[in-house]
Amino acid sequence: SSILYALPPGFVESSCRSRIFWMKLNKLFLQGKFFQLEIYDPYAGPILLDEKLASRCGYMLSEDVWGNPVFRASVLGCHVANEADELFTLTVNIKVSSFSSMRAAVTYTYPIYCSYPSWASREIVCEENYMEVSVKTDVPAVSNDYTVAWMSALPETQNVAYQQWQLMFVSPSGRKRVTVSDAVKLGYSFNNTLSRVYLRAPYHSNESDVSVVSGVNMNMVTSTSMYRQRWLLLLIDTTVSCPVDGISFTDTTVTWTMPRVIPTLVVQESTFLSKNIVIGVDDQVIINPEEKNYLLKHNETHIRITIPIGAEEGRLKSSISDGVYGIIYSIDLFLEHTWTDAGWQTTKYTVIKSITTPFMPQMPAVINNTVPEERLFNVAFGHFLPDVSLVAIAIGNVPFTPREAQHHGFKVYETLFSNRTKGFILEVSFDDPYVLKEYVNRNETKYTLLVNYTLSIGPEMTLYYHSAEVECVIADIELPAAVGYCDEENLYLTLPTFGLHQYWELYLGNTLLNRHVALTNGYLAATNSTHLILQIPLFAAGVIYEEVSFQKIKARFEVALRKVRTMETLQMFSVSCSFNSSEFIICHPDGTIMISAQMKTVPAIDMSKTKLRDSSCKPREYNEAHAFFKFHVTTCGTSVRFEGDHIIYENEISYEKETLPGQSIPTITRDPDYRLTVLCYYQAKETLVLGAFVSDPVTSPPFGSGTMGPRSNTAAYRRVRQALNVVSRVSKDESFMEFYEPSMAILKQSVEPVFLEVELKDESPNIELYLENCWVTRSLDFSSTPRWNITVDGQVVLNDQCTH
């Protein structure tokens, strides 16, 4: 049992349209509740509405596109009170309960009244779950035009029962004559009113047929209703045909196509005349379709309605399919087509169509509206329908609810777009700890915002996830600028420490310039709160000598500013100065040695007559006290030896004594004996093959270090020395019996012995012979380089043999 209650205001709306009762329930009153509909018959009482009853009785229960329950009923439906085919009343009970069993239900009674004073000769309604045709029962005028269905029914008329309606169905499987009660069992409903006969048929019954009319599939029931009483035999064509498809879609439109002329419903097509076409949404007629961008077109064969997807009368709904966001558009349309023809006078043809598009994927876009100068990410995520809400957002993989994000300092808010969609705006500072920062290019930082959105989609509240990565590169790092200066003995570089070791490192050539390298090379490194100061002695490793001349050195020291990870050189910091130096030795990485030597002798000697071991190697420049030499380690009699991890090149500066002509032998020399040993040290592991040094200061190994020291100094006294007569020869074998011709080039393999004889043709007892150096070359040219020493200071340094 249930109690009747007064209807809450706004719960139910009703209207009358196209011979149909329309009733809509407001879903807001039904949230979290269950409801049922009963059809109230004053004689039979309440009858529960179910699906089977609905199609047979002319009822339709569904939802509109917004989810509000909608009930439609034909005015010729079951349990409708009919007054003279003009006033129709239907009473509906609406039962609402908090329980699915419908116990403790609240019942609201709602009567619907509709007035239809004028009817067409034939009216057809194509509902979603049934087809209905009603025909005036006035005796028609005599006509010679007979339809096939009519003619096929004639032979059966002799068997029509007396005072009883019967139905004749014609289908591809044959003819079938049934009584009204049997028709009800088959799902049909047949009855008559004061002035009309109607037949209601389900779609796709056994007695139906599907035919294609102008490209549209039509479901058709061909039937004749027959009645015999006394002298009256009444045959009524109750054929009905309704479209079952005709819907097509594009990305932007929905098109509904129907045939303009349906042959089974028109006796004489030549007399067909279309009178009026009306379209509507729900129960409302669209007065000016063009204003809403609806397109209604019809020609000889078709009626075509095209509606833009998103039109306000329908509903766009968000959806998720296989993890992809998309939209679905739904709209409830109806069409009324009124026509005349010779056989039927006026036909009013109404079709109700609920249209829903397939799922249409809509890839959301992440729109980067960041203004770099503001140092603030501004990211819009859209476009979404209003039924989408933001549930959570993760920044740098750290999740936040919208409220937590606001509390942290992010700005999260919605924005509306012009096409009735919305987006979600996120603002995050570049300096937020959850923003990734990377130093790129010369002076730029790349800020990366990693965002993971979690959205609630549609009324089903399905969760949808989307990840985005937004980057912004901004030139906000200032490359350091170095200042260089010099004093009498050192070069200095001063540069800011900001960013050092974080973005950049200093490199000397290809070596990281750290504190250990600085100390090893003899540099002094000092730092304060803002700057690094490097002191580089003039003759320290790594100094590049751009110009070296007599008593003057132009030196340069440079370090490379490189990116920490990529080793890309961004800038060279260089300091260059000229120095005055009276004494120095410079060992270049390419093997060039430059010496400014000061000869401290008493009395002073003639510097123009100084030489290296090879007497042809004279000073390039000189004055009274200094001589300047420049030569390669492979020339001028330079010897080489290995000590530990060093290669040592050695030469000697000596003085060619000047002899004074005398009356007798020995001859007297007037100058002191002087020898200055010159040494250049190179790191063996950093030295390339002799003669193949690279002069590029960036890639070359460090300069060698050099020393000078006198071997002997007899400048304090004079001594007498004779002019010597020395002859040297090379023997062909160890017998020293056969010799090579003088000044002849001799070719030897590296493993062959060399037999050398040097003879002193002087019998003075105060003179002894000492063989200092001998060497070999790889060409016929005596002065060619490179040359390899065989003996140095009389000692054999290679595997070859040298004897005298």
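**View 1. Ile 585 and its bridge partner in the sheet.** Ile 585 has Ile 595 in β50 as its bridge partner. The model is predicted: local features need pLDDT of at least 70 and side-chain atom pairs count only at pLDDT 80 or more, while totals for chains, interfaces and linings use all residues. Residues are numbered from 1 along each chain as its sequence is written, and side-chain values use heavy atoms, with hydrogens and water left out. β49 and β50 (residues 592–598) run antiparallel and are joined by four bridges. Strands are DSSP runs of E with at least two residues, numbered from the N terminus, and two strands pair if DSSP finds at least two bridges between them. The open sheet has four strands in the order β49-β50-β53-β52, with antiparallel pairing. β49 (584–587) and β52 (621–622) are the edge strands, each with a single partner, so one side of each has no neighbour in the sheet.

View 2. A pair of aromatic rings is described by the distance of the centres and the angle of the planes. Rings of Phe, Tyr and Trp (its six-membered ring) pair if their centres lie within 6.5 Å; planes under 30 degrees apart count as stacked, over 60 as edge-to-face and the rest as tilted. By this rule there are 31 aromatic pairs. The ring centres of Phe 88 and Trp 119 are 6.1 Å apart and the planes stand at 65°, so this pair is edge-to-face. Phe 88 is in strand β9 (residues 87–97), and Trp 119 is in the loop between β10 (106–115) and β11 (122–126), 31 residues apart. Both Phe 88 and Trp 119 are buried (under 20% relative accessible area; exposed is over 50%, partly exposed in between, with a 1.4 Å probe and protein chains only).

**View 3. The aromatic pair of Tyr 503 and Trp 504.** This pair is edge-to-face, with 5.5 Å from centre to centre and 65° between the planes. Tyr 503 counts as buried because its relative accessibility is 16%. Trp 504 is also buried, at 0%.

**View 4. Charged ends over tyrosine rings.** A charge sits over a ring if NZ of Lys or CZ of Arg is within 6 Å of the ring centre and within 35 degrees of the ring normal. The charged end of Arg 562 sits over the ring of Tyr 507, 4.9 Å from its centre. Arg 200 lies over the face of Tyr 130, at 6.0 Å from the ring centre.
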